[in-house]
Amino acid sequence: MEETVKNVLQTLGKQVPKVFVLRPTSSLAEAFAALGEHRILSAPVVSSNGQWCGIVDVRDLLFTVVAMYHEYGTEWPKYADCLSSNLATLFPSSSGTGDVSFLADGIGTSMPLSRVIKEKFNNPTTGVRKHRIAINNCDSSPMNIISQTDIVKYMLKVDAFGDKGGKTLQELGLAPTPVVSMNAAKKTVEGFQQMVATKASCLVIVDDEGKLVGDLSNTQLRGFTEASLPELEMPVTEFINARKKYLLTGVVQTFTAKVGDKLTDVAALCVKEKVHHVVVVDDNNKPVGVVTLSDIVAAVCG
């Protein structure tokens, strides 16, 4: 796909958004509060002179706290020093701890989409997969953001899947695959600790019989603030239900697929329902894989 980023934006009719921004000097607590107040999962980080620094995700923030849980446990006041640290101190490199990276480099509108995918979204050298990338003006100030959802939506619109679009998840090797899961009775913090350790974008929740109950991901972190930290002690299913009031739909739903489903059908489901992944289940409703937008893009363009 040699179309440029500009072509993609024009085809999708994506306008320059008016978005809330954070500063590199914002503390972790301030970032939590701002994202929670606006009920958004991530925000651009822009310096006082308008220069793009990157994107910070609420999961980046939470994972920083979760990493210290083994030391502080539920003594939440002890997290004060971490929560007062500024973003530039917490995420000084492009690695990040969540799905998107602080201080990530942006791209220009003339960059070919194929290069954006291979070098920015699914870099095989670094193994880093990003969900959002900044589109910069010539002066390096941000003008827009392109996401993997945008890319998959564009690929569907211009029929860029080719022969792979008609192949099944199993034929493409996307499922069955190992699943990162946890029992529904376990604490939420254990789930996020497991996600940190495995670098999983989501965690599949199962019952005692191994059947699908739900999933834990960024979705449940919409509206999450410093005051929400004690909720991490809840059993994960209680946490998910408690967070549903912050969801855009107000409904908790895990979308599923089967190994025999075609790639384009799964891609269309993700775009329609505005989700970043689906859980692949067998005939007994037991998880046998997770397919993400990153997987879909890599299957076609990798």
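Is Asp 150 buried or exposed? This is a predicted model, so please take every value as computed from it. In the model Asp 150 is buried, because its relative accessible area is 9%, and the cut-off for buried is under 20%.

What does Asp 150 pair with? Its partner in a salt bridge is Lys 14, and the closest N and O atoms are 2.4 Å apart. Asp 150 sits in helix α8, which covers residues 148–157, while Lys 14 is in the loop between α1 (5–12) and α2 (28–38), so the pair ties together parts that are 136 residues apart in sequence. Lys 14 itself counts as partly exposed, at 28% relative accessibility.

I will show two others. One of them joins Glu 75 and Lys 78, with the closest N and O atoms 3.2 Å apart. Glu 75 is partly exposed at 42% relative accessible area, and Lys 78 is partly exposed at 44%. Another joins the side chains of Glu 209 and Lys 211, at 3.8 Å from N to O. Here Glu 209 counts as exposed, with 53% relative accessibility, whereas Lys 211 is partly exposed, with 31%.

Back to helix α8. Which helix packs with α8 at an angle of about 45 degrees? That is α12, residues 293–301, and the two axes are 10 Å apart. The angle makes α8 oblique to α12. The crossing of α8 past α12 is left-handed. On the α8 side, the contact is made by Gln 148, Thr 149, Ile 151, Val 152 and Met 155. On the α12 side, the residues are Leu 293, Ser 294, Ile 296, Val 297, Val 300 and Cys 301.

Next, the backbone. The loop between α8 and β5 (181–183) holds Pro 176, and the peptide bond from Ala 175 to Pro 176 is cis, with omega near 0 degrees. Asp 159 is also found in the loop between α8 and β5. Asp 159 is not a glycine, yet has a positive phi of about 55 degrees. With 63% relative accessibility, Asp 159 counts as exposed.

Where is Asn 285? Asn 285 lies in the loop between β9 (277–281) and β10 (287–292). Its phi is near 65 degrees, again a positive value in a residue other than glycine. Asn 285 counts as partly exposed, at 33% relative accessibility.

Last, the chain as a whole. Its secondary structure comes to twelve helices and ten strands. The chain has 302 residues, and 49% of them are buried. Of the contacts between residues at least 6 apart in sequence, 64% join residues at least 24 apart. The chain exposes about 13,900 Å², and carbon and sulfur atoms supply 49% of that area.

Conventions. Residues are numbered from 1 along each chain as its sequence is written. This is a predicted model: local features need pLDDT of at least 70, side-chain atom pairs count only at pLDDT 80 or more; totals for chains, interfaces and linings use all residues. Side-chain values use heavy atoms; hydrogens and water are left out. Helices (H or I, at least four residues) and strands (E, at least two) are DSSP runs, numbered from the N terminus. Buried means under 20% relative accessible area, exposed over 50%, partly exposed in between (1.4 Å probe, protein chains only). Contact means heavy atoms within 4.5 Å. Accessible areas come from the Shrake-Rupley method with a 1.4 Å probe; for residues, only the protein chains shown count as cover. A salt bridge is a side-chain nitrogen of Lys or Arg within 4 Å of a carboxyl oxygen of Asp or Glu. Axes are lines fitted to C-alpha atoms, for helices over the stretch in contact, and angles run from 0 to 180 degrees between N-to-C directions. Angles under 35 degrees count as roughly parallel, over 145 as roughly antiparallel, 65 to 115 as roughly perpendicular and the rest as oblique. A crossing is left-handed if the near helix is turned anticlockwise from the far one by less than a right angle, and right-handed if clockwise.
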